[in-house]
Amino acid sequence: KNDPAVAYNSNETVYAARKTLLRLTGTPVEADTIVRGYISRLPTAGTLYYANETGAGDGVITLAAGSMVELPHGSLYIAYKYTGAQDLPEKDGFIYEDSFGFRLLDASGEPGLSIGAEANFTIHVSVGITACATSCDSTKVASAQQVTEDVSGTVTLYGKDYSDSPSQLTFVITSLPSHGTLTDPATSATLRVGDSLSTTLASPYSGGVAVSYLSDADYFNYPSTMYNGTDLGLSEDLFKFKVQTANATSKATSLSVRVKNVNDVPILNNASDSYFVYAWGYSDDDTDNPKYTTTLDITNVHIDDVDRNVDVVVVYIEAGKGLLTLNPNHLSAVDFTSSACFSYSAWQCKGDGDAERKMRFIGQPKDVNLALSRLEYRCTTPSITDTVTITVYDGDGKSGGCMESDDLDDVNCCSDRSDGCLTASTSFTVEVGEYANVAKENAGCSGWCLKVEVAIAIVVSVFGIALMSCVGCYARVARKLRRREDELATDSSDSSSDEDSDSSSDEEEEVDVEAGVSNPDADIIDTGMTVDGVVPTKSMGKGGKKQKKK
């Protein structure tokens, strides 16, 4: 006895309003072949057509209730066309689910028409038109379209009508980008949600329709990492659109926009244009204190980088006289020694960031800011006005002081550096006072002390004595002069011998001052000269003998 052929339940996705070729499948139970197919149930929202493996015909399959229709001998193909409404809401990506029934006959069952049981053929209907982000050619992989930061660029929208009677497509914006503005190029009108482009697209739909995209100021999403590889957390901007005809509307699709970074001029900030510090003389008396500091900590210089550290910059710092030191806690964040520092003949890195008059290094702007967060300045030359200049080189061009674009792209591709090597510079002055130890001594000098200074200056001028007395010595002489005045004001009844003694003492002190020799409790006399920034001093000998007036 022959066992009837078994028909397989099947399913297929089709576009609405378009004939789609379908193949009926199953298997014979015995070693046999399937020779015929029968339609046992018609679809509810579509039409079936006679067909073969080469295509669909125009003959419509009709079926009376409770009957079957035999397909042409040997054919297991039919065509289906959805004829229902296309403005239905989508569910799971489809607007309608249709089905029909079929049965199969194998060769052994043919004499007695032993036809197998009915199988179900399910049809998922998609709207007959579609919107495409890059191309509606199924062989192309969708990818982001690219524009440049801060420049109006063109992106292209695509669509296709798959129906048997393709119509012109209208493009409708359904959501706006988060970081940019859309404009209709034909009218220059800013597009909003629900707006249609004035340009339509006709079959064969190959060219697409253009729309203008302008990113927000300084927004970019490519590159998406810092120069050192740290993820910036950026994603491509996107908006959505759909296409429609008089009879159908596609579901919305997303178009991703890659916004390429354009290198911007760095902004170098400095909150102050002048500073003051005492000269540093390598002396124990020059240890810093709040009143007489010899070390200046500059903490308000930093770079504002809207390019978010996607590239490194070159930094050059120079002082006229003083020595500069970067923040030692972040010195390792910048580069003084890598091969990138010595790749070009036009410039090379200089110094190591510790007590340098000139230095040049490479770093991401955020790392440069760490190194500059405490820029230390010291100077061994007193009573001068020094100038410190900081210059940042950012972009492409070794001759201008920057790195080459190809070298930057080798690490983090790819910014637009077509503007070349961009620079930013700031300068500030440092008023360097006298040596701190001298300043501390001068702070106690006033009144008689100042009068003695004037007197000695006159003596030096008249007699050409190249000698400056130390301030401490001036103060002691002043005290002696004040004691002398007190003695002269004593009672006039004092003995003549006491007067002679006072006079002798006074003369001895005058000889001491003129000879520049201190008494045994004297300290040091400053010569006023410096050697390599150090104040040389000489101790006045204690062996100087007083000459009594004869």
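Predicted model: local features only at pLDDT ≥ 70, side-chain atom pairs only at ≥ 80, totals over all residues.

**Stop 1: strands 13 and 19**

Select residues 145–148, which are strand 13, and residues 253–260, which are strand 19. Strands here are DSSP runs of E of at least two residues, numbered from the N terminus. The two run parallel and are joined by 4 bridges; two strands count as paired if DSSP finds at least two bridges between them. Buried means under 20% relative accessible area, exposed over 50%, and partly exposed in between (1.4 Å probe, protein chains only). In a regular strand the side chains alternate between the two faces of the sheet.

**Stop 2: two loop residues with positive phi**

Move to D150, in the loop between strand 13 and strand 14 (153–161). Its phi is near 65°, a positive value in a residue other than glycine. D150 counts as partly exposed because its relative accessibility is 34%.

Next select Y205, in the loop between strand 16 and strand 17. Y205 is not a glycine either, and its phi is positive at about 65°. At 6% relative accessibility, Y205 counts as buried.

**Stop 3: cis peptide bonds**

Select P204, in the loop between strand 16 (180–183) and strand 17 (209–215). The peptide bond from S203 to P204 is cis, with omega near 15°. Then go to P223, in the loop between strand 17 and strand 18 (237–244). Here the bond from Y222 to P223 is cis, with omega near 0°.

**Stop 4: D264**

Select D264, in the loop between strand 19 and strand 20 (267–270). D264 is buried yet has no salt bridge, meaning a side-chain nitrogen of Lys or Arg within 4 Å of a carboxyl oxygen of Asp or Glu. The nearest side chain of opposite charge is R308, 11 Å away. Leaving aside neighbours within four places in sequence, D264 is in contact (heavy atoms within 4.5 Å) with E149, D218, V306, D307, D394 and L422.

**Stop 5: the nonpolar cores**

The largest nonpolar core has 54 residues. Such a core is a set of buried Ala, Val, Leu, Ile, Met, Phe, Trp, Tyr and Cys residues joined through side-chain atoms within 4.5 Å. Select L24, I39, F100, F102, F171 and F239, the residues with the most contacts inside it. Strand 11 (residues 119–126) gives the most to this core, with 4 residues. A second, separate core of 32 residues includes I303, A319, V392 and V430.

**Stop 6**

Finish with the 3 strands in the order 22-27-25, which form an open sheet with antiparallel pairing. Strand 22 (296–298) and strand 25 (323–325) stand at the edges with a single partner strand each, so one side of each has no neighbour in the sheet. Strand 25 pairs with strand 27 (residues 375–378) over 3 bridges. Select L324 and its bridge partner in strand 27, Y377.

Methods. Residues numbered from 1 in each chain as written. Heavy atoms only, no water. Lys, Arg positive; Asp, Glu negative; His and termini not counted.
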